[in-house]
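Biologist: Hey, can you walk me through this structure? I'm new to it.
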Amino acid sequence: MRRMTGPTILHVDLDAFFAAVEQRDRAELRGKPVIVGGGGPNDRGVVSTASYEARVFGVRSAMPLRTAGRLCPHGIFVPVDGAKYARVSRQVMAILRRFTPRVEQVSIDEAFLDVAGSAALFGSAESIAAAIKSAIRDELELTASVGVGGSKLVAKVASDLHKPDGLVVVPVGEEASFLAPLPISRLWGVGPQTRKVLGEYGVATIGDLASLPEDLLQRRLGKHGRELLSRARGIDASPVGDDAEAKSVSHEHTFDVDTGDWEILERTLLGLAEGVAERLRKGGVKAGTIGVKVRDQDFVTLTRQRTLPEPTDLPETIWQTAVDLARREVRGVLVRLIGIAASNLSDREQLGLFAEAEGRKRKAIEAADAIRGRFGPRAITRARLLETDVAAPFERDFSHAPEAKRVGKQRPGGHAEDDS
Ligand code: TTP
Ligand code: MG
């Protein structure tokens, strides 16, 4: 069988997705500054996305609609049609799966592909990328930008580089030099806090970061610093998840009334984290990746994942990670559903190493599980959870619903910066 010698990871991301769908469906919007946001009486008041014509005026996702109106007075405002975008998203993903079963969808308009096994049928990764772009253009009348690289990190950065309608291939071995001139904001994992520390050392580009000594980064940023350094040097071994193999434990909660109240969301996440942790411990497994899913009032669903330094089954760790990931997604949004998924599961056998260090904490938690088992989930609930009446997540578990499968994938990139 023909083997691929070049890079095999693709990152595909549609251009100005919601706006492009609207321009496709309404000819009068083509070539115009289109701003998609809001949705009638429940208007959450921020821009979902803007066409590239509107971006020229500085209009950006998550900006208040009012600001967008000021920057772009001739902008045409269009309400969000979540159901339609979800339908188009499924069509996009179906096209991607023609080229490989190894498709990891990471958001409504974005996916990673590993095409290492597709050479015999479809040729090089670059020709597959071109074929995907053509299919999306011909069949859906939309444009996508594609990055090709030896890792998810490089492919993701590459897809963003020549948007819209870009195709950027980074040859194997050229990862570090490709990344070097780019600003560190392109690297995921660099949020405001990290940027501040790096600023002290005059780090502006990924190359600047790559040349810092490892012990310095370890001292100032701990393990996160070391991880950042390897990423800056183009090293990222995270595999492309496979929908068919997806194994995850997930709990989610749908609110009776959509909420933007962070306190309520935080408490709900605590209940979900405890439920997920209990299931992991019962199954004798630990999760290497924690993800959150946030669905807003318009049915737009965003997911974010983070791979942990060590696999866990502890509610505290799961909760803290989920809170951290969710915080950015819920800003300015009315949340309809929130969920936590634990994936990248490994079993106890492989975990002997970690078990001992966590021994004491675990004993207390196992005792709590036992009591909960005897007296029902409400018997032991942390004080925070009791402050309001949000113990319900324990009883809501949609992890077997097909949509729950979407969560639980590694998501190195995302709409917001990930500063762990
Ligand atoms: P993105 O892929 O981040 O943005 P985009 O496709 O509109 O533009 P780009 O060409 O830069 O990729 O997000 C995909 C869709 O998700 C976007 O069309 C609308 C929605 N979205 C929101 O609703 N709110 C947000 O804050 C962001 C970033 C996206
Ligand atoms: Mg996009």
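Modeller: Let's talk about the ligand and then the salt bridges.
Modeller: This is a predicted model, where local features need pLDDT of at least 70, side-chain atom pairs count only at pLDDT 80 or more, and totals for chains, interfaces and linings use all residues. Residues are numbered from 1 along each chain as its sequence is written, chains are lettered from A and ligands numbered from 1 in the order in which they are written, and side-chain values use heavy atoms, with hydrogens and water left out.

Biologist: How many residues surround ligand 1?
Modeller: There are 16 of them, and the closest are Ala16, Thr49, Tyr52, Arg55 and Asp109. To be near, a residue needs a heavy atom within 4 Å of the ligand.

Biologist: Which helices and strands each supply at least two residues of that shell?
Modeller: β1 (9–14), α1 (17–25), β3 (47–50) and α2 (52–55) do. Helices (H or I, at least four residues) and strands (E, at least two) are DSSP runs, numbered from the N terminus.

Biologist: What about polar side-chain atoms by the ligand's oxygen atoms?
Modeller: An N or O atom in the side chain of Thr49 is 2.5 Å from an oxygen atom of ligand 1. For Tyr52, a polar side-chain atom sits 2.6 Å from a ligand oxygen, and for Arg55 the distance is 2.7 Å.

Biologist: How much of ligand 1 does the protein bury?
Modeller: Taken alone, ligand 1 exposes 560 Å², and the protein buries 85% of that. Those areas come from the Shrake-Rupley method with a 1.4 Å probe.

Biologist: Switching topic: how many salt bridges are there?
Modeller: The count comes to 22, taking a salt bridge as a side-chain nitrogen of Lys or Arg within 4 Å of a carboxyl oxygen of Asp or Glu.

Biologist: Give me one. What does Asp15 pair with?
Modeller: Asp15 pairs with Lys163, their closest N and O atoms being 2.8 Å apart. The pair links distant parts of the chain, 148 residues apart: Asp15 is in the loop between β1 and α1, and Lys163 is in the loop between α7 (152–161) and β8 (167–169).

Biologist: Is Asp15 buried or exposed?
Modeller: Asp15 counts as buried because its relative accessibility is 3%, while Lys163 is partly exposed at 22%. Buried means under 20% relative accessible area, exposed over 50%, and partly exposed in between (1.4 Å probe, protein chains only).

Biologist: And where do Glu263 and Arg267 lie?
Modeller: Both are in helix α12 (residues 262–283), four residues apart, about one turn of the helix.

Methods. Polar contact = N/O pair within 3.5 Å; in protein donor to acceptor, adjacent residues only side chain to side chain.
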